[in-house]
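Subject: Structure for you to look at

Hello,

Here is the structure I said I would pass on. Please open it first, and then read the notes below it.

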Amino acid sequence: MSKNDTTDVAIVGGGLNGAGLALALAREGLTVRVFDAAPVETRRDDAFDGRATAIAAGSRAMLRALGVWERVADDAQPISDILVSDGRVSDGASPLFLHFDHREVGDEPFGTLVENRHLRRALYDRVSEEDAITHVAPVRVERVAYTPGWATLHLEDGGTHGARLVVACDGRRSRIAQAAGVRYTGWDYGQAGIVCTVEHDRPHRGVAHEYFLPSGPFAILPLTGNRSSLVWTERTAIAETAMALDDARFEAEVARRFGAFLGAVRVTGPRWSYPVSLSLAHDYAKPRLALVGDAAHGVHPIAGQGLNLGFKDAAALAETLGDAVRRGEDIGDLNVLSRYERWRRFDNTAMALGMDTLNRLFSNDLAPLRLARDIGIAAVGRIGPLRRVFMRQAAGMTPGLPRVMQGSAR
Ligand SMILES: Cc1cc2nc3c(=O)[nH]c(=O)nc-3n(C[C@H](O)[C@H](O)[C@H](O)COP(=O)(O)OP(=O)(O)OC[C@H]3O[C@@H](n4cnc5c(N)ncnc54)[C@H](O)[C@@H]3O)c2cc1C
């Protein structure tokens, strides 16, 4: 194997987490090769990913340290308030139940909405500038052979690549992780998240809305200008019907759920549909293998936390490996990788199960459950400290943040 064919770390999957991790590892002085099965041009295209991400303060600090944030800052919309209501479409205007105001917990907004297309391009631009990173695509990693001290990736084009550590960033129920013996727990929610962008006549003033409708949450997330990103979670069969509607009827369905508070709404551009499932890896580490992002935990998008958790994984793994190198340890050693697993698994599992409970509680119309959740919502609304706990979670202000996430987010 020539020197060119080896790096400290090989990342399988160049999605948002794979690219973010590559930059975080390069910052720790490690050499990295990222492999992705899809061409870079396809993944850079506007049509590839219609979602927008609510970037929490810690993720923002990390992106700033990695030289990514300045490239998306002009396209970023801070969220100042979150309004949550237990609404039903048939109710017309939903009663307001909860109001989260960011000033109750500090100066920072809850999060900052950035369209994934901007984030993805900024990450790939930064990756291409780093001498320590090579981004190889399109090529699928077929399998990995693990030997003491080394891992060899076998590529679909017949090539090979050697690394001291392989990181699976290949998405939910990672094939690379499963081939190494990692098992998953999880289930399908029988829901899909329809995503599109809308323009509206009135300004949103930085307010995010979440309506809990019986078939799933309906989120209106403020983007720059008079635009919002919609995440409309529906039962799969209804989502398929909605996706098949012509533009005028789809827009009418969206407008009906939106209500009138932002004036007339127009759907701009295409619509996307993402299946919604839960998948939790039993292990985040095996000898010479670590799992990061959706490969480790695929969560319900109800609170917009999936990518933020993945960025925390990336920052924690990079810090763990950087410290290991400074101590003269082998970065593929299970003792080193177990430190990363201990750091991240509890937080991710707790968040995944929290999202699961929220979805179960709200995505139905059973009278006793409606009563229970309305009492719960009213309690959160009235009890200041409880409300502030929720707000800190939403803003990512949790203990145990990796160092790179503790810097200034501004
Ligand atoms: C509707 C919706 C809304 C969301 N909103 C938010 C939000 O507001 N905030 C938030 O934090 N999160 C949000 N999320 C979650 C977030 O989008 C995901 O957690 C994140 O995109 C996962 O990124 P990833 O890089 O881990 O995986 P993926 O995006 O799945 O990337 C995996 C990559 O691996 C590549 N790959 C797979 N197998 C191989 C192989 N064998 N060889 C080479 N390459 C391979 C694929 O081509 C792909 O590019 C949302 C999710 C959904 C569905």
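Is Tyr211 buried or exposed? Tyr211 has a relative accessible area of 12%, so it is buried. Please keep in mind that this is a predicted model.

The rest of this email is about aromatic rings. A pair of such rings is described by two things, the distance of the centres and the angle of the planes. Searching the whole structure gives 6 aromatic pairs. In one of them, Tyr211 and Phe218 have ring centres 6.0 Å apart and planes at 5°. Planes under 30 degrees apart count as stacked, so the pair of Tyr211 and Phe218 is stacked.

Phe218 is buried as well, with a relative accessible area of 0%. Phe218 also pairs with Phe258: the ring centres are 6.3 Å apart and the planes stand at 90°, so this pair is edge-to-face. Phe218 is in strand β14 (residues 216-223), while Phe258 is in helix α8 (residues 247-258). The pair therefore ties together parts that are 40 residues apart in sequence. Both Phe218 and Phe258 are buried.

Tyr211, Phe218 and Phe258 belong to a cluster linked by ring pairs, which also includes Trp232, Phe250 and Phe261.

Arg271 lies over the face of Phe250, 4.0 Å from the ring centre, and Phe250 is one of the cluster residues. Arg51 lies over the face of Tyr274, at 4.3 Å from the ring centre.

Regards

Note on methods
Residues numbered from 1 in each chain as written. Predicted model: local features only at pLDDT ≥ 70, side-chain atom pairs only at ≥ 80, totals over all residues. Heavy atoms only, no water. Phe/Tyr/Trp six-rings, centres within 6.5 Å; stacked < 30°, edge-to-face > 60°. Buried < 20%, exposed > 50% of the residue type's maximum accessible area, 1.4 Å probe, protein only. Helix = DSSP H or I, 4+ residues; strand = E, 2+ residues; numbered from the N terminus. Lys NZ or Arg CZ within 6 Å of the ring centre and 35° of its normal.
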